[in-house]
Amino acid sequence: MRKDDRLEEQIRQFYEHVPDVADSLPLKDYLLKHENNQMAWYLLGKQYAARGEEAKANYCFGQAGPVYEAFEAKANPLSGGGFPASAPRDGGKKRGLAIAAALLAIAVSVVLPVRQAVAPTDAAPGMRQAADDTGAMEEPGPPLKPVYSAPPAAATGSAADGLALVAGADDPATDGMKTLGGLLTKRTSGSESWLVQAPKLGKWTDWVGSGRPLAKVALDRPDAAAAIDWFDPKWCPCGTSKDASELWRSVAEWKPPQEGKLLLRSAMIRYRERTGSWPKSPDELAGAYPANTTAGWSEEMTVWFNELQAELEKGKAETVGWPRAGGTAGESGGVPAGSFAPMTEHPLEIIVDKKNHRLAVVSGNVLLRNYPVGLGGDKTPEGTFRITEKVRNPNGRSDGAFGSRGMTLSDTLYAIHGTDEPDSIGQDRSQGCVRMAKEDLEELYDLVPLGTKVTIVKEGLPADLRIPEKRFRLKPAQDETNPKKTYEWLG
């Protein structure tokens, strides 16, 4: 097939799949699946150029290659080559280019309002990254409460397709280059891996504050070489970087499902500790009280459970692994690596810090949450406990002395529960129990399974709060109330 015929066929296929070219979102979605379609890159670049976004336009034109030169009759802005405006064109291209020009005129003559999420490429860990309904990014929020957002779930064929690893690293001079080297050399399934910023809070890796894209490693190059796209000039040896907006959004989409995977893995481990065997079905985990190891279920958890159970039944794993499915058919999950790797090795635990009045949810040295709590000073015992009971609306109500949720510690009168004295949070006014604000308590109840280890210590947690704006939630699966019992926790 001649070059001009190939171009015309490419144009035909493109418009067949993306008829609404006035909106850039179909263009982006199309390019996620057909990243080598130079016509699509050219049209997307024209839309960015029409909005005055020169950097993005030039990037798209660079990907468009000879298509840009054919339409513009000048050198591609990023190729350094091409032909001058005065150069004669090959007459054989006229028919294909005439069709393309007519279609392009229709495409760019009607520019519809476009929703576009633009995440700052140099935001600090405390930057609010929550997108509103229009996709616009919010302004910086309180420095002690960095948050992530979970954009609408991407359809099959998203940027997560073929994702091998997502590795966290804090600093190029410490763990950064070693982590990047691991992404370049580790053998794993998937076509690319991501390196993202994972700042430290003392000895802890800050999960909520992590996610700023640093680099993307392409692993499927035909020339047996790996290509690195840099998104932070401070990390790149070349001192330049690409626009991180799209990857930032993809990382934000990736993070919440990892919390669900971590919960499921933790629930299966804790179930075996209590019963001596692995769960055979989701119903054994998300049962009615008192068999409510998890506080609910989701469709994604069914996919992950089936994957993990199959590995256990084959005898290929001595313990629960890490689900690689993204939750829907055809998606790859992207396994946590680098400073996130402990999440794939350690079940969830709770640590309570009496000095700072904090309760943290951790996996190894990864700190996923850090909530404010009310305690009882010397009345709150130090030591190691287990969550031996989880109940909704203790004593039949959600606004009583124990709030809407309660978790008994090692079958004692101590518990983690709510309170009808919200001003006691952060103070030593309880009789020994751990008091939490309603929204924090309800997220914790969904996030940690029955059997979770709870360690109460004098100090050791950071004072900085780590609470996401979009909370972790499960859909209740069974009745978790217990009307037959009157709870008499110490309060």
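A residue counts as buried when its relative accessible area is under 20%, as exposed when over 50% and as partly exposed in between, with a 1.4 Å probe and protein chains only. This is a predicted model, in which local features need pLDDT of at least 70, side-chain atom pairs count only at pLDDT 80 or more, and totals for chains, interfaces and linings use all residues. Residues are numbered from 1 along each chain as its sequence is written, and side-chain values use heavy atoms, leaving out hydrogens and water.

Q: Which residues of helix α7 (residues 172-185) are called buried?
A: Gly176, Thr179, Leu180 and Leu183 are buried in α7. On the other side, Ala173, Thr174, Lys178 and Thr185 are exposed.

Q: Why are the buried residues of α7 said to line one face of the helix?
A: Seen down the axis of α7, they fall within an arc of 100°, so they line one face. The arc is taken from the directions from the helix axis to the C-beta atoms. In general, an α-helix has 3.6 residues a turn, so residues three or four places apart point the same way.

Q: What makes α8 and α10 oblique to each other?
A: Helix α8 (residues 245-275) and helix α10 (residues 299-313) pack at about 45°. Angles under 35 degrees count as roughly parallel, 65 to 115 as roughly perpendicular, over 145 as roughly antiparallel and the rest as oblique. The pair is therefore oblique.

Q: Which residues make the contact between α8 and α10?
A: Among them are Pro257 and Leu264 of α8 and Trp304 and Phe305 of α10, where contact means heavy atoms within 4.5 Å.

Notes: Axes fitted to C-alpha atoms, helices over the stretch in contact; angles between N-to-C directions. Helix = DSSP H or I, 4+ residues; strand = E, 2+ residues; numbered from the N terminus.
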